[in-house]
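Here's a quick report on one chain, starting from a single residue and then zooming out. Have the model open while you read.

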Amino acid sequence: FDASKPFKMTGTGTKVEWMNPHTFFYIDVADEKTKKVTNWAMEMGSPNGLMRAGWTRNTMKIGDEVTVEGSLAKDGSPTGNARSVMTKDGKRLFAASSQGTNP
């Protein structure tokens, strides 16, 4: 991941993989101009790190709208390293990111 390429995007959850060594979730994000939808993979920390940050297995469900902040993949793929996730109700959670700078 490239810390010099930050992003902030909002999308709808399509899948959550709660597993070691990293938890992944996937969101559909629509391009504002073209309306094309891309499924983005978001990497977070380990389940243990997420639980210490206030997460549970039920914090994010398929169909939930979330806003994610993090860093883009170096290879240009639709993949990000999430630093924080904000739920639709405004709850902001640290994503136990492997990157050193957290919000």
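Ser71 sits in strand 4, which covers residues 65-72. Its relative accessibility is 0%, so Ser71 counts as buried (that label means under 20% relative accessible area with a 1.4 Å probe, protein chains only; over 50% is exposed, and in between is partly exposed). The Ser71 side chain makes a polar contact with the side chain of Arg83, at 2.7 Å. Polar contact here means a pair of N or O atoms within 3.5 Å, where one must be able to donate a hydrogen and the other to accept it.

## What the model is

This is a predicted model: local features need pLDDT of at least 70, side-chain atom pairs need 80 or more, and totals for chains, interfaces and linings use all residues. Numbering runs from 1 along each chain as its sequence is written, and side-chain values use heavy atoms, leaving out hydrogens and water.

## The fold overall

Along its principal axes, the C-alpha trace spans about 40 × 30 × 25 Å. Buried residues make up 43% of the 103 in the chain. Among contacts with a separation of 6 or more, 51% join residues 24 or more positions apart, a contact being heavy atoms within 4.5 Å.

Technical notes:
Helices (H or I, at least four residues) and strands (E, at least two) are DSSP runs, numbered from the N terminus.
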